[in-house]
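Work through the exercises below with the sequence and the model at hand. Each task is followed by a solution in steps.

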Amino acid sequence: MSSKIYIVGMGPGTGDMMTPQADHALCGSDVIVGYPVYLKLLGGKYREKEFLSTPMKQEVRRCEMCFEEAEKGKTVAMVCSGDAGVYGMASLLYEMSEAHPGCELEVIPGITAANSGAARLGAPLNHDFCVISLSDLLTPWEQIEKRLIAAQGDFAIAIYNPSSHKRADYLKRACNILLLHMEETRACGYVENIGREGEKISVCTLKELREREVNMFTTVYIGNSQSQIMDGKLVTKRGYRL
């Protein structure tokens, strides 16, 4: 018997930013598994489903729960904020699936924070860009530093996980590295709680960004050499001649 696990990107969390495909997968599932914050964001629409969760840092156990429920013959959905394949659970489930050959996995894409936050700021990623997480839970800081240095190729940059209680100075450290290769006036911006209650949007220079306090629910954007702040929006030009 083939068992089904949907790996669902739920976007920022509000229903109007979830794809119909994601909604269809959740409606068709018996069990929804996820981090408690993400399950809460789903609201009451799927309240007839069985909900299972684990705290942060128990992602492996969360995946094990998916396979356990699927092997009982249930259709399971693992929910991730944004897109399940961008710092989400998709790769971990695929890694673990070798031990569960009877389980079929299907990734359902979602709107990741880089895209949803960019839309709120204007058009900061409208040319070549890279996405870098400052979380060193799974990636050594030395590796993160190398990736920040590589960004001197004049990419626009979206930064995930810029700060936390234990990493309060990580955004400042990242800005210090970038300032070795970029001008202080480089156009930047950030969005906190994208598409959720308490959303905050700000534009600033790289020098100003270095001194800003942000939290783990913030996505930061650093423009390339052609980016500008236009009427409060962060815009990265494509290079068209006007």
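**Exercise 1.** Decide whether Ile-222 is buried or exposed, and find what surrounds Ile-222.

Solution. Step 1: in this predicted model, the relative accessible area of Ile-222 is 1%. Step 2: the cut-off for buried is under 20%, so Ile-222 is buried. Step 3: Ile-222 belongs to strand S11. Step 4: leaving aside residues up to four places away in sequence, Ile-222 touches a set of residues including Phe-155, Ile-157, Leu-178, Met-182, Leu-206 and Leu-209. Arg-186 is also one of the residues it touches.

**Exercise 2.** Describe the largest nonpolar core: how many residues has it, and which elements supply them?

Solution. Step 1: the core holds 24 residues. Ile-222 is among those with the most contacts inside it, together with Leu-134, Leu-148, Ile-157, Leu-206 and Leu-209. Step 2: two or more residues each come from strands S7 (129-133), S8 (156-160), S9 (187-192) and S11 (218-222), and from helices H6 (141-150), H7 (170-178) and H8 (206-210). Step 3: the top contributor is H7, with 6 residues. Step 4: a separate, second core has 21 residues, among them Cys-80, Met-89, Leu-93 and Cys-103.

**Exercise 3.** Determine how H6 and H7 pack, and which residues meet.

Solution. Step 1: two packed helices are described by the angle between their axes and the distance between the axes. Step 2: for H6 and H7 the angle is about 40 degrees and the axes are 9 Å apart. Step 3: that angle makes H6 oblique to H7. Step 4: the crossing of H6 past H7 is right-handed. Step 5: from H6, Trp-141, Glu-145, Leu-148 and Ile-149 meet Tyr-170, Arg-173, Ala-174, Ile-177 and Leu-178 of H7. Step 6: sorted by class, this contact has 7 nonpolar residues, 2 charged and no polar ones.

**Exercise 4.** Tyr-87 has a positive phi, as does Asp-231. Locate both and state how exposed each one is.

Solution. Step 1: most residues other than glycine have a negative phi. Step 2: phi is near 55 degrees in Tyr-87 and about 50 degrees in Asp-231. Step 3: Tyr-87 sits in the loop between strand S4 (76-80) and helix H4 (90-96), whereas Asp-231 sits in the loop between strands S12 (227-230) and S13 (233-236). Step 4: with a relative accessible area of 48%, Tyr-87 is partly exposed. Asp-231, at 83%, is exposed, since the cut-off for exposed is over 50%.

Definitions and conventions: Residues are numbered from 1 along each chain as its sequence is written. This is a predicted model: local features need pLDDT of at least 70, side-chain atom pairs count only at pLDDT 80 or more; totals for chains, interfaces and linings use all residues. Side-chain values use heavy atoms; hydrogens and water are left out. A nonpolar core is a set of buried Ala, Val, Leu, Ile, Met, Phe, Trp, Tyr and Cys residues joined through side-chain atoms within 4.5 Å. Buried means under 20% relative accessible area, exposed over 50%, partly exposed in between (1.4 Å probe, protein chains only). Helices (H or I, at least four residues) and strands (E, at least two) are DSSP runs, numbered from the N terminus. Axes are lines fitted to C-alpha atoms, for helices over the stretch in contact, and angles run from 0 to 180 degrees between N-to-C directions. Angles under 35 degrees count as roughly parallel, over 145 as roughly antiparallel, 65 to 115 as roughly perpendicular and the rest as oblique. A crossing is left-handed if the near helix is turned anticlockwise from the far one by less than a right angle, and right-handed if clockwise. Contact means heavy atoms within 4.5 Å. Ala, Val, Leu, Ile, Met, Phe, Trp, Tyr, Cys and Pro count as nonpolar, Asp, Glu, Lys and Arg as charged, and the others, Gly among them, as polar.
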